[in-house]
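This report describes selected features of a protein model.

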Amino acid sequence: MANTAELTVDGKSYEFPIFEGTEHEKAFDISNLRDQTGYVTLDRGYKNTGATKSAITFLDGEQGILQYRGYSIEELAAKASFLEVAYLLIYGELPTKEQYSTFEDSIRRHTLVNEDMRKIFDGFPVNAHPMSVLSSLVSAMSAFYPDSQDEKSDPDGHIIRLLAKLPTIATWSYKRSLGHPVNYPKNNLDYISNFLNMMFALPVEEYKVDPVVAEALNVLLILHADHEQNCSTSTVRLVGSSQANLYSSISAGISALWGPLHGGANQEVIEMLEAIKADGGDVGKYVDMAKNAKTTGFRLFGFGHRVYKNFDPRARIIKKAADDVLGKLGVNDPVLEIAKGLEEAALHDEYFIQRKLYPNVDFYSGIIYRALGIPTNMFTVMFAIGRLPGWIAQWKEMREQKEPIGRPRQIYTGATLRKFVSIENR
Ligand code: MLT
């Protein structure tokens, strides 16, 4: 294979080095393109642009492969705990028993949130979207831990605080939306049981964690833990590249994830299913509307993916978990029946097959969260809890790689130079 790429422009030829990664992905390194040629590249949405070299997550959109630090998502989902995967993503290796015990114990002991954060929280309207609360309070953490702004400070303490406190903060919105008291974390519970207890425990009755729910949540969080340079992760890296602190960078990632085209898609899926149910539940009618989207304006959420061309490996795992959980919990929900009808169409209708509109991770995650009793407006919060270790790992790698501040170029298409005209003469 040639190790350079040749570009000929304006009668001159230039060579650019070719970089090949460990999974044989190849890139032209155009770091000096503008200096050499006077040209920049245009790539809206960065679909063809590699922003960095990374050793954290590999995905192959054609083969439907997803690996965290070389371990397949299938193996990790079946054999690991979410905190083991968090440690793997952040520190690069699966933890030994001792490393895991120290990591898990540190997290247990940092789940309590400064009571003054509750004063900020109490200022939100009761119906504030949980993602607006989450991004605001995570950013506020930089005020409670100001040494985080010192880019020479050891990030490990802030990494533990974020992993430990995000679930605690996440449950506040839900409890307040019900008019229920928030629950404090309990150090005798594991990570996922603690979250479920904070979400669903009531002072008036004993709450017992259902192991089926806990295991399903463990899988869901693992599947969402990282996904290379997606929108929110790229946001975290870009904000962090200015040497903004970890909390502010993660808060920016939470805001990016909230968008319905990204992490908000799982909430859109359930809202779409509920709208179909409210309109009589005729799946065929909505399949036809999706096929004539230009005239109907009906957008189908939860199908296809901008990276995976044939199937989303996470969706396959979640689909099995969803069938498993719904069966074990004996869930009988008409919205979920509508989902199965849409899934059937997507997997067998030529229109969907030709356009690679297969059910993706957001389609099934919304269904399973609903079955677990998690409210729709908390779905993207669940995505954020899962994605947090990936964001942290990517931010840490960006810092360790001493990446330069991210500053893309543009091609200007506005008015050319013109003279100012006073307002009397306009
Ligand atoms: C993700 O997991 O971040 C989503 O699938 C979106 C993406 O990777 O672009």
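In which sense do strand S1 and strand S2 pair, and over how many bridges? In this predicted model, S1, covering residues 4-9, and S2, covering residues 12-20, are paired in the antiparallel sense over six bridges. Leu-7 has Tyr-14 of S2 as its bridge partner. The hairpin of S1 and S2 has two residues between the strands, and Asp-10 adopts a positive phi near 50° there.

S2 also pairs with strand S3 (residues 26-28), again in the antiparallel sense, over three bridges. Across this pairing, Phe-19 is opposite Ala-27 in S3. Five residues lie between S2 and S3 in their hairpin, and in its turn His-24 has a positive phi of about 65°.

Strand S4 (residues 57-60) and strand S5 (residues 65-68) run antiparallel and are joined by four bridges.

The hairpin of S5 and S6 has two residues between the strands, and the positive phi in its turn, about 50°, belongs to Arg-69.

## Domain assignment

The domain assignment of the protein places residues 4-50 in domain 1, residues 72-262 in domain 2 and residues 265-372 in domain 3. A distance of 39 Å separates the C-alpha centres of domain 1 and domain 3.

## Packing of H6 against H11

Helix H6 (residues 130-144) packs with helix H11 (residues 246-258) at an angle of about 170°, and their axes are 7 Å apart. Because angles over 145 degrees count as roughly antiparallel, H6 is roughly antiparallel to H11.

On the H6 side, the contact is made by Met-131, Ser-132, Leu-134, Ser-135, Val-138, Ser-139, Met-141 and Ser-142. H11 contributes Tyr-247, Ser-248, Ile-250, Ser-251, Ile-254, Ser-255, Leu-257 and Trp-258. Classed by residue type, the contact of H6 with H11 comprises nine nonpolar and seven polar residues, with no charged residues.

How values were computed
Residues numbered from 1 in each chain as written. Predicted model: local features only at pLDDT ≥ 70, side-chain atom pairs only at ≥ 80, totals over all residues. Heavy atoms only, no water. Axes fitted to C-alpha atoms, helices over the stretch in contact; angles between N-to-C directions. Parallel < 35°, antiparallel > 145°, perpendicular 65-115°, else oblique. Contact = heavy atoms within 4.5 Å. Nonpolar A, V, L, I, M, F, W, Y, C, P; charged D, E, K, R; others polar. Pairing = 2+ DSSP bridges. Domains from an automatic or database assignment.
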